[in-house]
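Could you walk me through this structure? I'd like to start with its open spaces and then turn to its rings.

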Amino acid sequence: MSFPLRAGIVGGGAGAFIGAVHRIAAQLDSKAQVVAGAMSSDPQRAQTSADDWHLARSYASYETMAEAEAERQDGIDFVMITTPNSLHAPVAMAFLQAGIHVICDKPLADNLAQAERIAAAVENSGKLFALTQTYTGYPMVRAAREFVQSGRLGTLRKVQVEYNQDWLKDPLETLGNKQAVWRTDPARAGISCCVADIGTHAQNLLEYVTGSNISAVCAELSSFVAGRELDDDASMLLRLDDGARGTLQCSQIACGEENNLSLRIYGTDAGLEWQQQEPNTLLVKLAGQPWQRWRAGMDYTGTMATAATRTPPGHPEGYLESFANVYVDFIDDVARVAAGGTPLENYPGIAEGLRRMKFVQAAVNSSAQGAVWVDV
């Protein structure tokens with residue numbers, strides 16, 4: 001198999017945000033080219049969107065696309081799923097059953113039962129599955145992970161993670177905003193809006209960097225906007241499986257915030273701090289010493305960060321490059337498997353996707369019972 005691989009996309013049609021991000025990420029390193037798509041449930045919009053992207057093939061439905069691409073000699077090597085949550089499971093299963101590798105936007109599904117159906121389909125198909133938990137691709141997030149793995153943090157004690165936005169502080173779903181309409185609709189988004197949409201990123205970042213899993217949550221989910229059926233804010237206490245404790249806050253009604261994801265972790269020997277809006281910097285806080293300001297692109301950041309860095313020091317990298325790092329690792333595995341090799345799976349996969357859904361379910365259950373402790 002030679003590069004670029006052939007990619008397909010489901011969803012991401014005109015008016016969507018994340019579809020274009022997936023395309024840019026997949027194609028950034030010239031290892032894949034999007035050639036086919038079923039970009040909307042509306043056939044005309046699907047065709048128009050495909051024309052705008054100059055795709056070779058456009059399909060009116062994902063079912064037709066999965067069947068047709070599986071039969072072509074020049075069919076796609078993998079598919080990108082960028083639909084609302086409620087379609088993740090049926091689309092993923094259609095392509096897995098057709099023998100096509102899948103990379104899917106988060107969360108894995110709109111509920112745990114659907115997520116488990118995808119997991120079963122992955123196991124039965126033997127195909128690769130990746131979940132685009134974007135923030136694991138940042139070089140300094142990988143530097144933080146390697147710092148913890150090296151033992152320099154000491155024993156983990158405390159974790160604080162926050163993800164705050166304000167874009168849903170007003171009832172945009174009543175004004176026709178496409179992103180708000182489906183994210184706040186239980187029929188399309190599932191059991192949660194805020195926790196499933198951005199809280200899972202916070203959870204994933206915490207677990208990826210620390211190597212520890214959240215074992216239990218005590219959560220309060222709120223809907224501040226009148227008439228909104230799903231949560232737009234959440235506050236949680238956390239217990240981690242290694243005995244550490246933490247907090248997780250996520251909000252989409254935090255006035256004045258843009259995309260403020262931040263992580264602070266504290267061990268017996270050091271602390272670390274990273275903020276997504278200043279992604280090239282990692283603060284390293286060694287006990288009894290001045291804080292260190294690590295910067296992306298420098299040799300001291302470690303092998304994991306260096307492998308994920310494209311530009312020299314002082315040349316900022318950001319969200320699209322982070323997204324592309326997840327894609328590069330997945331695309332390399334698709335080529336590796338086609339050549340008879342063993343996948344490295346250096347990206348969030350089906351196991352992480354299931355954990356994210358179990359976390360969402362636990363948070364929803366905890367809040368519904370009056371903010372009690374619930375096991376993940």
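Here is a short tour of the pockets and the aromatic side chains.

First, some ground rules: this is a predicted model, where local features need pLDDT of at least 70, side-chain atom pairs count only at pLDDT 80 or more, and totals for chains, interfaces and linings use all residues. Residues are numbered from 1 along each chain as its sequence is written, and side-chain values use heavy atoms, with hydrogens and water left out.

Let's begin with the pockets. A pocket here is an open set of points on a 1 Å grid over the protein atoms alone, where a 1.4 Å probe fits, with protein on both sides within 12 Å along at least five of seven lines; its lining residues have an atom within 4 Å of a point. The largest pocket has a volume of about 670 Å³, a volume being the space filled by probe spheres set on the points. Its lining counts 28 residues, and Tyr208, Glu345, Asn346, Tyr347 and Pro348 lie nearest the centre. Helix α12 (350–368) is among the elements that supply at least two lining residues, and with four α12 gives the most. Helices are DSSP runs of H or I with at least four residues, and strands are runs of E with at least two.

The second largest pocket comes to about 480 Å³. Around its centre, the nearest of its 28 lining residues are Gly11, Met39, Ser40, Thr83 and Pro84. Here α7 gives the most, with five residues.

Now for the rings. Rings of Phe, Tyr and Trp (its six-membered ring) pair if their centres lie within 6.5 Å; planes under 30 degrees apart count as stacked, over 60 as edge-to-face and the rest as tilted. The structure holds ten such pairs. One of them joins Phe78 and Phe330 edge-to-face, at 5.5 Å centre to centre with 85° between the planes. Phe78 belongs to strand β4 and Phe330 to helix α11, so this pair ties together parts that are 252 residues apart in sequence. Both Phe78 and Phe330 are buried, meaning under 20% relative accessible area with a 1.4 Å probe, protein chains only.

By contrast, the Tyr135 and Tyr138 rings are stacked, because their centres are 6.2 Å apart and their planes at 10°. Ring pairs also link these two with Tyr163, Trp274, Tyr319, Phe323 and Tyr327 into a cluster.

Finally, a charge sits over a ring if NZ of Lys or CZ of Arg is within 6 Å of the ring centre and within 35 degrees of the ring normal. Arg145 does this over Tyr208, 4.3 Å from the ring centre.

Notes: Buried < 20%, exposed > 50% of the residue type's maximum accessible area, 1.4 Å probe, protein only.
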